[in-house]
Amino acid sequence: MSDCLEIGIIGNFESDRPSHKATNEALNHGADYLGINLVLRWLPTESLEKDTDKSIGKFDGLWCSPGVYKSMKGALNAIQFAREKDYPFMGTCAGFQYAVIEYARHKLGLNDAQHAEYDPDASNLMITALSCSLVGETRKIMINKNSRVYKFYNKTEVEERFSCNFGLNPHYRKLIDESGFKVVGTDEKDEARILELSQNKFFIATLFQPQLSSLPAEPHKLILAYLTCAKEFHNKRRTRT
């Protein structure tokens with residue numbers, strides 16, 4: 001096994017999408033800050049529709065990108081793999097939205113769970129339009145002190161940058177939270193902005209994009225925590241082989 005940390009980014013890369021460029025840059029300068037040799041590979045969602053275990057099992061962590069996915073099935077397959085196999089996982093913006101849909105379908109048994117942007121007439125709309133667009137907005141987030149996320153921030157209130165129009169349908173919040181996918185970060189209106197699966201080594205979804213505010217001299221705390229976990233996972237696998 002290589003000494004390099006390999007991260008698979010679930011998504012269809014678009015060179016003109018600022019959030020995709022920011023994702024690459026934030027992960028790379030986070031790795032530089034930690035002294036980690038990092039290899040990033042974008043994974044087109046269509047390529048994840050079959051043989052998901054073979055195509056992504058080699059990675060040390062999976063990151064679900066912002067943006068539009070060409071294949072919902074492929075994206076959900078990869079997220080399900082990360083959740084069930086306990087691979088370090090981070091989903092931001094659309095990654096948050098699809099992590100919710102995957103959990104609803106494959107953990108809660110809501111096979112018709114959907115995203116309102118793509119199927120507004122679905123019976124179980126887990127992701128619906130926000131009351132106000134958050135594209136280009138910076139908002140306060142309140143962090144649950146009993147969460148793992150709090151340990152990374154060491155703060156109960158932070159500010160984060162958003163670029164989205166859709167979020168968790170409030171009608172399903174209690175179901176999601178009580179089943180184990182905990183709402184650990186909320187905005188000033190008490191709407192869900194961060195989710196975590198505490199039983200996994202690292203499975204966190206944020207509606208905001210931490211990569212947009214991460215800087216080479218001050219990498220985002222969630223990104224550093226994610227890369228540190230992925231490195232530990234890599235080292236354990238290396239020891240076993």
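Buried means under 20% relative accessible area, exposed means over 50%, and partly exposed lies in between (1.4 Å probe, protein chains only). This is a predicted model, in which local features need pLDDT of at least 70, side-chain atom pairs count only at pLDDT 80 or more, and totals for chains, interfaces and linings use all residues. Residues are numbered from 1 along each chain as its sequence is written, and side-chain values use heavy atoms, with hydrogens and water left out.

**View 1. Glutamate 6 sits in strand 1.** With a relative accessible area of 23%, glutamate 6 is partly exposed. Helices (H or I, at least four residues) and strands (E, at least two) are DSSP runs, numbered from the N terminus. Contact means heavy atoms within 4.5 Å. Setting aside neighbours within four places in sequence, glutamate 6 is in contact with Val39, Lys58, Phe59, Asp60 and Gly61. Look also for leucine 40: its C-alpha atom is 6.0 Å from that of glutamate 6, although 34 residues separate the two along the chain.

**View 2. Strand 1 pairs with strand 2 over six bridges, in the parallel sense.** Two strands pair if DSSP finds at least two bridges between them. Strands of a sheet pair through backbone hydrogen bonds, either parallel or antiparallel. Isoleucine 7 stands opposite leucine 40 in strand 2. To get from strand 1 to strand 2, the chain passes through helix 1, and this β-α-β crossover is right-handed. Right-handed means that, with the strands pointing away from the viewer, the path from the first strand over the helix to the second runs clockwise. Strand 1 is mostly covered, with five of its six residues buried.

**View 3. Strand 1 (residues 5-10) also pairs with strand 3 (residues 61-64).** Here the pairing is parallel, over four bridges. Glycine 8 stands opposite leucine 62, and isoleucine 9 has tryptophan 63 as its bridge partner. Axes are lines fitted to C-alpha atoms, for helices over the stretch in contact, and angles run from 0 to 180 degrees between N-to-C directions.

**View 4. Histidine 20 lies in helix 1.** Its relative accessible area is 0%, so histidine 20 is buried. Not counting residues up to four places away in sequence, histidine 20 touches Asn12, Phe13, Glu14, Trp42, Ser65, Pro66 and Gly67.

**View 5. Helix 3 is mostly covered, with eleven of its 14 residues buried.** Among the buried residues are Met72, Leu76, Ile79 and Phe81. How far apart are the end C-alpha atoms of helix 3? They are 20 Å apart, which agrees with the 20 Å that its 14 residues (72-85) should span at 1.5 Å a residue. The expected span is 1.5 Å times one less than the number of residues. Just after helix 3, aspartate 86 takes a positive phi of about 60 degrees.

**View 6. Three strands form an open sheet in the order 5-6-9, with mixed pairing.** Strand 5 (113-115) and strand 9 (166-168) stand at the edges with a single partner strand each, so one side of each is left without a neighbour in the sheet. Neighbouring strands of this sheet are turned by 35 degrees against each other on average, direction ignored. Strand 5 and strand 6 (residues 124-129) pair in the parallel sense over three bridges, and alanine 113 has asparagine 124 as its bridge partner. Helix 4 (residues 94-106) packs on the sheet, touching strand 5, strand 6 and strand 9.

**View 7. The structure holds zero disulfides.** A disulfide is a pair of cysteine sulfur atoms within 2.5 Å. For cysteine 132, the nearest cysteine sulfur is that of cysteine 164, 12 Å away. Cysteine 229 has a sulfur 17 Å from its closest cysteine sulfur, in cysteine 64, which is too far for a bond. Cysteine 132 counts as partly exposed at 42% relative accessibility, whereas cysteine 229 counts as buried at 10%.
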